[in-house]
Amino acid sequence: AGANGASLTLANVAADQTGTYRVIASNLMGAVTNEVNLTVRSASVRFSGRTKYYAGDKNVAGVTLTLGGDQSANGVSGGDGTYGFTVDAAGQFTIAAGKSTDGTPAEGVTTLDIALLRRHILGLAALDSPHKILAADVNNSSSVTTLDISLIRRVILGLTNAFPGGLWKFVRSDFSFSNPQSPWPFEGTRT
C-alpha cells in the first residue's frame, strides 16, 4: 500500500479458518472502517467485507482493495460499501485499501474546519478524535500545524485540488493510539 493505504497481511492461512478483520481509513470528513471477512474453505479463499466511516454506519463506496502475496486480485466496494473476491489457494496474503478522489477535495471541508484547527493548534479546544487529527495533517508531517491550515485554505479557495498527504488515510480499526492527541505513528497493516 502507498502512503495513504493500509494493508492486512494474513500469514499461514489454513483451510476452514474464518475471521473478521477491520481497517480504518481517515479523511478530512472522518475515518472509515473497512471490515474484512475472511473465509477459507478447501482450496479457495473468499475475502469480503464492508467499508464505512469509523463513526456511525455510513457506507463508503469506491474503496479499492488489492490482494497481494501468493496470488493477486482486486475488488472495489459498491454503493452499499460491500466488496468481495475469491482466490484459488491458501497462503500468505496482504490486503491494501485505497481510495482515489471521487469528488472535489474541498467537499465537506469548510472554513469552520480551519477555525477548529486553529483552536486545536492554540490549545483552546483539542480535536476530539485521533482520526480527526490524522485527517487534519494534510501534509503528512506527523503534526497539525498552520501549514496544514494554509493547505486546506488553498483547497477551499480552489487554488489547488489536492493535499500533499492525499485525501485518505487508512488505519487498522483495532489500533490503540497510545496518545490520542498525538496519534503518530499509526499502523495501517495487519499481520
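Modeller: Accessible areas are found here by the Shrake-Rupley method with a 1.4 Å probe, and for a residue only the protein chains shown count as cover. On that basis the chain has an accessible surface of about 9,100 Å², and 49% of this belongs to carbon and sulfur atoms. Keep in mind that the model is predicted.

The chain has 191 residues, and 41% of them count as buried. There are three helices and 10 strands. Read from the N terminus, the order is β-β-β-β-β-β-β-β-α-α-α-β-β. Contacts also reach along the sequence: of those between residues at least 6 apart, 57% join residues at least 24 apart.

Now to the helices. Helix H1 covers residues 111–121 and helix H2 covers 130–136, with Ser 129 in the loop between them. Is Ser 129 buried or exposed? Its relative accessibility is 6%, so Ser 129 counts as buried. A polar atom of the Ser 129 side chain lies 3.0 Å from the backbone nitrogen of His 131.

In general, side chains of opposite charge can pair when their charged atoms come close. Here Lys 132 is paired with Asp 128, and their closest N and O atoms are 2.8 Å apart. Asp 128 is exposed, with a relative accessible area of 62%, while Lys 132 is partly exposed, at 36%.

Next comes the loop between H2 and H3, where both Asn 140 and Ser 142 are found. Asn 140 has a positive phi, near 55°, although this residue is not a glycine. Ser 142 is also not a glycine, and its phi is positive at about 65°. As for cover, Asn 140 is partly exposed, with a relative accessible area of 34%. Ser 142 is partly exposed as well, at 40% relative accessibility.

Helix H3 takes up residues 146–156, and Asp 148 is one of them. How much relative accessible area does Asp 148 have? The value is 0%, and buried means under 20%, so Asp 148 counts as buried. Which backbone nitrogens does its side chain reach? One is that of Thr 145, at 2.9 Å. Another is the backbone nitrogen of Val 138, which lies 3.1 Å from a polar atom of the Asp 148 side chain. If neighbours within four places in sequence are set aside, Asp 148 is in contact with Ala 136, Asp 137, Val 138, Asn 139 and Ser 143. Ala 136 is the residue at which H2 ends, since H2 runs over 130–136.

After H3 comes Gly 158, which has a positive phi near 80°.

A pair of aromatic rings is described by the distance of the centres and the angle of the planes. The count of such pairs in this model comes to one. Phe 175 and Phe 177 form it, with 4.9 Å from centre to centre and 90° between the planes, an edge-to-face arrangement. Phe 175 is buried, with a relative accessible area of 16%, and Phe 177 is buried at 12%.

The second detail is a peptide bond. The bond from Trp 184 to Pro 185 is cis, and its omega is near -15°. Pro 185 belongs to the loop between strand S9 (168–172) and strand S10 (189–190).

How values were computed. Residues are numbered from 1 along each chain as its sequence is written. This is a predicted model: local features need pLDDT of at least 70, side-chain atom pairs count only at pLDDT 80 or more; totals for chains, interfaces and linings use all residues. Side-chain values use heavy atoms; hydrogens and water are left out. Helices (H or I, at least four residues) and strands (E, at least two) are DSSP runs, numbered from the N terminus. Buried means under 20% relative accessible area, exposed over 50%, partly exposed in between (1.4 Å probe, protein chains only). A polar contact is a pair of N or O atoms within 3.5 Å; within protein, one must be able to donate a hydrogen and the other to accept it, and residues adjacent in sequence count only if both atoms are side-chain atoms. Contact means heavy atoms within 4.5 Å. Rings of Phe, Tyr and Trp (its six-membered ring) pair if their centres lie within 6.5 Å; planes under 30 degrees apart count as stacked, over 60 as edge-to-face and the rest as tilted. A salt bridge is a side-chain nitrogen of Lys or Arg within 4 Å of a carboxyl oxygen of Asp or Glu.
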